[in-house]
Amino acid sequence: MNAGTVICKEQGCIVQSDGKCLLNHDPVESCPNYGADVEDAVEPDTEDEQRSAPPVAIWSSDKLSTTGLSALSRRRKLRVVALVGEEKVGKTTLLTSIFEAYCKGPFAGLTFAGSETLLAFAKLHSFALLNSGRLSPTVPRTSRRDPLSFFHLALARSGGRTIDLAIADRSGETYADARTSTDLIGTLTEFDLAERVCFLLDGARLSSKDDRTAYSRNFRQMINALNDNGALAHAKAIEILSTKLDISRANEPADAEFMMEYQERVVTDFQAKGLKMSSHEVCALPKANRMIGIVGLEDLVTRWTMPAQLPDVAPRPIVDAPRQIDRIFSKTA
Ligand SMILES: Nc1nc2c(ncn2[C@@H]2O[C@H](COP(=O)(O)OP(=O)(O)OP(=O)(O)O)[C@@H](O)[C@H]2O)c(=O)[nH]1
Ligand SMILES: [Mg+2]
């Protein structure tokens, strides 16, 4: 106990220093003034004042909520990427693999320059480490109860310019629900924030003869539902990322052909509907065949961090302009 802390209400009693009751109570605890609430009786010292000051928020470095993201977006210019797909397609694994690539050093021509969600990344990454005691690397399932969360990565180019990525992750069940109950689509705020939407297509399920019919129908249905309800209207780019190449490549060539054709058909159909869609293959965690290695991650990071296209500000020629200068300009333009 601090020698200066007053513990008795009786004026002039210094029991806290000499251990004796001024009113001669023995033991001192039997004195009605001893240990009474002395807060009002004494002037708060600076330490007490500091203790009663409002708490200072410390950045937890855990995953960001939508509110946290909006606070960060006031400090940094963020590029938001939404990872969309049904459960166990590999959304969380993909973002963990990107983080892991930067743990090893520069990747895709960029260097790790910080993260506001370092703890969240480290928590996921720990499941892939040998000292986790697991026989095979994994990530924990994203629960339906978990709200939408964002992971932040600041990546620096050699020239010094930094690009801030915010990658959105949520449970696959929520997307599966939104596919059938389209009134839920309005609650999926990632589509309002994301400039890039990535639909993850499970290569393992698509290349399996048993699963592919229902799965390929559901996948299209999800994009259709989101598009028809305006969720994809803000996206500048939409990607189909077919995952788990290590499993799909192990299947027969006819299955691989089916996958390729399916992806091409989906891209062509949605491009015809006006979506800026492209398709790519990724393998973020080649558990089934390590020989395949990590595939498509470098290209993916390059696309996500590509310099933004500058808007075309060249003046448009004016047809049948009344002014001579405009007519000359329309000939040269
Ligand atoms: N073989 C293989 N397995 C993978 C790959 N990517 C992810 N997985 C596995 O697929 C399972 C699901 O991966 P998650 O990243 O949790 O999938 P998710 O889309 O986040 O799933 P939810 O959290 O349920 O929405 C895990 O066991 C991963 O280890 C891959 O490229 N190859
Ligand atoms: Mg997940």
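Residues are numbered from 1 along each chain as its sequence is written, and chains are lettered from A and ligands numbered from 1 in the order in which they are written. In this predicted model, local features need pLDDT of at least 70 and side-chain atom pairs count only at pLDDT 80 or more, whereas totals for chains, interfaces and linings use all residues; side-chain values use heavy atoms, with hydrogens and water left out.

Two packed helices are described by the angle between their axes and the distance between the axes. Helix α4 (residues 91–104) packs against helix α5 (residues 118–126) at an angle of about 105°, the axes being 10 Å apart (axes are lines fitted to C-alpha atoms over the stretch in contact, with angles from 0 to 180 degrees between N-to-C directions; helices are DSSP runs of H or I with at least four residues, numbered from the N terminus). The angle therefore makes α4 roughly perpendicular to α5 (65 to 115 degrees). In this contact (heavy atoms within 4.5 Å), α4 contributes T92, L95, T96, F99, E100 and C103, and α5 contributes L118, F121, A122, L124 and H125. By class, seven of these residues are nonpolar, three polar and one charged (Ala, Val, Leu, Ile, Met, Phe, Trp, Tyr, Cys and Pro count as nonpolar, Asp, Glu, Lys and Arg as charged, and the others, Gly among them, as polar).

Helix α4 also packs with helix α12 (residues 297–305), at an angle of about 90° and with an axis separation of 11 Å. These two helices are therefore roughly perpendicular to each other. L94, S97, I98 and Y102 of α4 meet L297, L300, V301 and W304 of α12, a set with seven nonpolar, one polar and no charged residues.

Helices α9 (residues 212–228) and α11 (residues 253–272) pack at about 20°, their axes lying 12 Å apart. Helix α9 is therefore roughly parallel to α11 (under 35 degrees). Residues R212, S216, F219, R220, I223 and N224 of α9 are in contact with D255, F258, Y262, R265, V266, D269 and F270 of α11. This contact has six nonpolar, two polar and five charged residues.

Around ligand 1 there are 22 residues, of which T93, R141, G172, D246 and L285 come nearest (a residue counts if one of its heavy atoms lies within 4 Å). A backbone N or O atom of L285 is 2.8 Å from a nitrogen atom of ligand 1. A backbone N or O atom of K88 lies 2.8 Å from an oxygen atom of the ligand, and a polar backbone atom of V89 is 3.2 Å from a ligand oxygen atom.

Definitions and conventions
Parallel < 35°, antiparallel > 145°, perpendicular 65-115°, else oblique. Polar contact = N/O pair within 3.5 Å; in protein donor to acceptor, adjacent residues only side chain to side chain.
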